Amino acid sequence: MADQRTIIVTGCSSGIGAYCVRALKADGWRVFATVRKFDDLAPLEADGIEAFRMDYSNTDSISDFVRDVTAASGGRIDALFNNGAYGQPGAVEDLRTDVLRAQFETNVFGWHELTRQIIPLMRKRGLGRIVQCSSILGVVPYRYRGAYTASKFALEGLSVTLRMELQGSGIHVSLIEPGPITSRFTANALAKINENIDVRNSVHASDYRRQLARLDGSAGPNRHKLGPEAVYAVLKHALNSHNPKPHYPVTTPAKQGLVLKRLLPADLFYRLMRWVD
Ligand SMILES: NC(=O)c1ccc[n+]([C@@H]2O[C@H](COP(=O)([O-])OP(=O)(O)OC[C@H]3O[C@@H](n4cnc5c(N)ncnc54)[C@H](OP(=O)(O)O)[C@@H]3O)[C@@H](O)[C@H]2O)c1
């Protein structure tokens, strides 16, 4: 269909991305989904979604994807949903700099690179929506998530600046700020702590044990967790509204965190956040 709207969604092997591409397709979008692994292409294609491989930490793979999706869409990209990311847990003093750099490579620099390469296609047509899947940790800090928090704070800074710079161009930029959402995110974070943090020899060893129990689920379910459909509800608004919002917090803890940050003096707010687990 010539008037079918097109969207790129990254990180579609699981969680929010996997849910949103199927919901977008059901809502009539032509969807270009990206995954990192070859084996993750087939389940998307089986559901009628055009799937590509792209890894944010590899500049060539971003350029190759943009070349291929430009050819597939005839240069018509209506929307970009940057979503693929991971969380590297660990106390700031326990983070090796190369581990912090890797976190930024995927969560910030890769997103910037893909966005930069898609904006010219949108500018040519004088329209577009760029939606960034940030996090409540892009607005409020969280202990033992310094790398991830810093990457999402950086993303917020770049994205609100971009939003202002694109005003009048027909291209709108929005940030989604979820709290806990059901996905593989915590399982992937658990793998990253085991891979990159020397838990046993850290001064934070006892805190890590509590964190690890939370990440592997043995501390019990998080009653505030919502499904990825909660993210899709606001994604739809960001894509369809005449006046998309700059920020879309999702889940009760995310909304509470924003209100408390606004109301409390900074010192009191950070003391309070110290006890959030
Ligand atoms: N779940 C939450 O509680 C929560 C809360 C706030 C914000 N978020 C944000 O929501 C977004 C989606 O996460 P999710 O919850 O759906 O987690 P998820 O199930 O772990 O999905 C993350 C996706 O990102 C992909 N990814 C990881 N590194 C990548 C890279 N270098 N290049 C391209 N893709 C990469 C993963 O691919 P592989 O399968 O190949 O690893 C996977 O498809 C992220 O931006 C995350 O920060 C999640």
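**Exercise 1. Find the strands that helix α3 lies across, and give its angle to β3.**

Solution. Start with helix α3, residues 59-73. Helices (H or I, at least four residues) and strands (E, at least two) are DSSP runs, numbered from the N terminus. Helix α3 lies across β1, β2 (30-35) and β3. Here contact means that C-beta atoms, placed from the backbone, lie within 7 Å. Next, take the angle: α3 runs at about 155° to β3. Axes are lines fitted to C-alpha atoms, for helices over the stretch in contact, and angles run from 0 to 180 degrees between N-to-C directions. Now turn to helix α9, residues 252-263. Helix α9 packs on the sheet and touches β6 (171-178) and β7. The direction of α9 makes about 125° with that of β7.

This is a predicted model: local features need pLDDT of at least 70, side-chain atom pairs count only at pLDDT 80 or more, and totals for chains, interfaces and linings use all residues. Residues are numbered from 1 along each chain as its sequence is written.

**Exercise 2. Write down the strand order of the open sheet and name its edge strands.**

Solution. The sheet has seven strands. Their order is β3-β2-β1-β4-β5-β6-β7, with parallel pairing. Two strands pair if DSSP finds at least two bridges between them. At the edges stand β3 (50-53) and β7 (247-250), each pairing on one side only. Neighbouring strands are turned by 20° against each other on average, direction ignored. Ile7 has Ala79 in β4 as its bridge partner.

**Exercise 3. Describe how α4 packs against α5.**

Solution. First, the geometry. α4 and helix α5 (residues 146-165) pack at about 25°, with axes 9 Å apart. They are therefore roughly parallel to each other. The cut-offs: angles under 35 degrees count as roughly parallel, over 145 as roughly antiparallel, 65 to 115 as roughly perpendicular and the rest as oblique. Next, the handedness: α4 passes α5 in a right-handed crossing. A crossing is left-handed if the near helix is turned anticlockwise from the far one by less than a right angle, and right-handed if clockwise. Then the contact: α4 gives residues including Phe104 and Trp111, and α5 gives residues including Tyr148 and Leu155. By class, the contact has ten nonpolar, four polar and one charged residues. Ala, Val, Leu, Ile, Met, Phe, Trp, Tyr, Cys and Pro count as nonpolar, Asp, Glu, Lys and Arg as charged, and the others, Gly among them, as polar.

**Exercise 4. Work out how α1 meets α8.**

Solution. The axes of α1 and helix α8 (residues 229-240) come within 9 Å and cross at roughly 55°. That makes α1 oblique to α8. The crossing is right-handed. Ile16, Tyr19, Cys20 and Ala23 of α1 meet Glu229, Val231, Tyr232 and Leu235 of α8. This contact has seven nonpolar, no polar and one charged residues.

Conventions
Contact = placed C-beta atoms within 7 Å.
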